[in-house]
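Student: I am new to this structure. Can we go through the terms and what backs each one up?

Tutor: Gladly. Here it is.

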Amino acid sequence: MDRLQPGRAPVYEMLEQYRVKGDISYHVPGHKNGEAYRGQGNAGFLSEVMGHDATEITGTDDLHHPEGVIKEAQELAADCFGAEESFFLVGGSTAGNLALILTVCPEPGMTLILQRNVHKSVIHGLMLAGVRAVFMEPMIDPLSGLAVAPAVETVQAALAAYPEAAAVLVTMPNYYGMGSDLAPLAQACHDSGVPLLVDEAHGAHYGQHPALPAGALMCGADGVVQSTHKMLAALTMGAMLHVQGPWLDRALLRQRLAMVQSSSPSYPVMASLDLARRLVHSQRAGAFTAGLAAVDVLRRGLAAQPRFRLLQPAEPLQPACGGAGAAAAADTPPQGMAAYRTQDPFKAVIYDAAGVLGGFELQRRLEEKGIVPEMSDGRHVVLAFSLGSKAEDTELLLDALQEIAAETPDEPAGLLDDITGQESPQCLNAETMKGQPTVSANNSTWNNLHDNLFSAPVLFSMKPVDAVETESIRLEYSAGRRAAEMVIPYPPGIPLLYTGEWISEDICSRLISLSQGGARFQACADPSLRQILVYNIKKGGDA
C-alpha cells in the first residue's frame, strides 16, 4: 500500500473533473447535470449536487466491479480504518448488515447466534436468509437499566449449544455509545471456528483518537459495518463494510453486496465517503480536536449546574482492547458495577438528576429552544457530538439547559422508573449508587429481556402474515398474545417485537409507557400504538 496517498480523494476528484469538463450528457441520469432545473428557482442547490451526480460511464469506474478511482478509494478506506478490504455502501449500514447475513447464511435454515437488541436491518436480514436465529440476552447496566452486549460466557454457552452456528453477530456500541471489550468475544468465535460480525454503525470514528474506544477490527472482528454518515462526515446513506481474516467468503460477499445495493449507486454519496475518509486519514487525531473540545465544554458546564448530568461507566477502560480488565468486563456485572467499560465521548447521554423531567419531555423542551437531540427514552436524552461540533454551539446547549432548569421545579423527588413508577437513584454513577438499589432494566426503548441467556432457535422467513389469521386489539390487552407485526421504536430502530414473538407483560407495559411518552414507531399498522396486530386465537395463531 506504499502507493496510497491519504491526502487524495479519488472519487471526489474524478467528479470535480467531470463537472468542470462540462461534456454534453447523452446518458443517465435524466436531470443532465442539473440542466433540467435550470431557471426553476432552485438551480443553485441542484447545480452543486447534480453537477457531481454521474453514472457508470468511461472514467467513473463501477462500484460493483471497481478497477479505477472507486477501487483506489476503497483501498484508501481499508488503510485508514485498519481493514484488509473495505467496501463502500450507498444504502447505509442496512446494506452491510444484509450482505453479511446473506454471506454467512447462504442457505435457508442455517443458524446464526446474535444478541436480541439488534437493529431492524438485522431482523430483515434474518428474514431474507431464512435464518434460525438464536437470540442472546445482552448484559444490563444496573446503573442506568440500559442493554449493552452479551457477556463472553453467554456467547460461549450459545456456541456450545449450537455448534452448527454459522457466525455470531453483535452490536457495538449501542445507541448510547456504550460498549465493552470485543476481544474475548472474537476469541470465543474463532475458537469455535466461526466469524464475529459487528454492527458498528455508531463507531465509524472508533480507534482514530486516543480518547475514543478501540474499534471492532482492532479487537479481532471479521466483518464490521460502519455508518460513516452517523459519526463521521459522509452524506446520509454513506457507510462502509470492512473485513479481515480468513473467516468470510469474500467472493460471495461481493455477490451479496451486488444483490442488496443499487446497480446505479449514488456518486455524490461515494464521493462523500471518500472525503470523510480523507479528513480522518490526513489529519488523524487532529480531526477530532474541535469536537472533543466541544464535549469538554459540556462536561465542565454540567459540573457547574448539577440539575442535568452525564451517564458514565462505573469503571471506564478505554481504548484498550483485550487488555487489563478485559476478563472482568466479560463477566456478568456484580451489584453496582457497570455492564459496559467504554463510553463514546461524542455520545453525551444526559438526564434530569432531580427526576422531574423524563427524557421525552426534556427533548421536547430542548427542541423548543432550537436544540435538536439525536433521541430520547423514558429517562435519557442522547446528544450526538462529532468532529464537526463547535464549542460555541455547546454554550448555547448549556444556556438552554439552564433555562429549562429555571422553568421547572427541581425538588429531588428521585428518578421515577418509566414503567414501574418506583423511585430510582438520582445520580447514575458509581459513587452515588453505593448502598442503593439498582435501576430497573426498563429504560431503553429496545430492552426485551427473557429468563434464559439465549433462546431456542427462531425460524425467520419471508412468508407474509395472512390477514385472516390476525386481529387488531387494544395494546393494553396484548400480553400473552403473539405479535403479528413488528413494533419498532424509531429512533433507534431496534424492534421491541418481531412478527411471531410472544408479548410479555413487561413488553406490554413498556410499549404503553413509550406510546404515552411520545415515542415514534415504525412497521406497525397503528403508529400511535393504541392498537396492535396479533395472531387470532381462532386461527391457531396463539397457544
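Tutor: One term comes up throughout: helices (H or I, at least four residues) and strands (E, at least two) are DSSP runs, numbered from the N terminus. Leucine 529 sits in the loop between two such strands, β21 (521–522) and β22 (531–535). Keep in mind that this is a predicted model.

Student: What makes the phi of leucine 529 worth a remark?

Tutor: Phi is near 60° there, a positive value in a residue other than glycine.

Student: Is leucine 529 buried or exposed?

Tutor: Buried means under 20% relative accessible area. Leucine 529 has 1%, so it counts as buried.

Student: Why is lysine 32 called partly exposed?

Tutor: Lysine 32 has 31% relative accessibility, so it is partly exposed. Its phi is also positive, near 55°. Lysine 32 belongs to the loop between α1 and α2.

Student: Which proline lies in the loop between α1 (10–21) and α2 (43–50)?

Tutor: Proline 29 does. A cis peptide bond joins it to valine 28, with omega about 5°.

Student: Where is proline 173?

Tutor: Proline 173 is in the loop between β6 (168–171) and β7 (178–179). Its bond with methionine 172 is cis, and omega is about -5°.

Student: How do you know that α4 is largely enclosed by the rest of the structure?

Tutor: Count its buried residues. They make up 12 of the 13 in α4, so the helix is largely enclosed. Among them are Gly92, Ser93, Asn97, Leu98, Ile101 and Val104.

Student: How do α4 and α5 pack?

Tutor: Helix α4 (residues 92–104) and helix α5 (residues 120–129) pack at about 35°, and their axes are 9 Å apart. The crossing of α4 past α5 is right-handed.

Student: Which residues of α4 meet α5?

Tutor: Contact here means heavy atoms within 4.5 Å. On the α4 side they are Thr94, Asn97, Leu98, Ile101 and Leu102. Their partners in α5 include Val122, His124, Leu126 and Leu128. The residues of this contact divide into 7 nonpolar, 5 polar and no charged.

Student: What is the volume of the largest pocket?

Tutor: The largest pocket holds about 790 Å³ of space. Of its 28 lining residues, Val458, Tyr498, Thr499, Gly500 and Glu501 are closest to the centre.

Student: What makes a residue part of that lining?

Tutor: A lining residue has an atom within 4 Å of a point of the pocket. α5 and β18 (458–459) each supply at least two such residues for the largest pocket. By kind, its lining has 15 nonpolar, 6 polar and 7 charged residues.

Student: How many residues line the second largest pocket?

Tutor: The second largest pocket has 32 lining residues. Nearest its centre lie His119, Tyr175, His202, Lys230 and Pro492. Its volume is about 550 Å³.

Student: Which elements give two or more residues to the lining of the second largest pocket?

Tutor: They are α4, α5 and α8 (228–231). The largest share, 4 residues, comes from α4.

Student: How does the lining of the second largest pocket divide by kind?

Tutor: It has 11 nonpolar, 16 polar and 5 charged residues. Gly is among those that count as polar.

How values were computed: Residues numbered from 1 in each chain as written. Predicted model: local features only at pLDDT ≥ 70, side-chain atom pairs only at ≥ 80, totals over all residues. Heavy atoms only, no water. Axes fitted to C-alpha atoms, helices over the stretch in contact; angles between N-to-C directions. Left-handed = near helix turned anticlockwise from the far one by under 90°. Buried < 20%, exposed > 50% of the residue type's maximum accessible area, 1.4 Å probe, protein only. 1 Å grid on protein atoms, 1.4 Å probe; cavity = no way out; pocket = protein on both sides within 12 Å on 5 of 7 lines; lining within 4 Å. Points joined across faces, edges and corners; volume = space filled by probe spheres on them.
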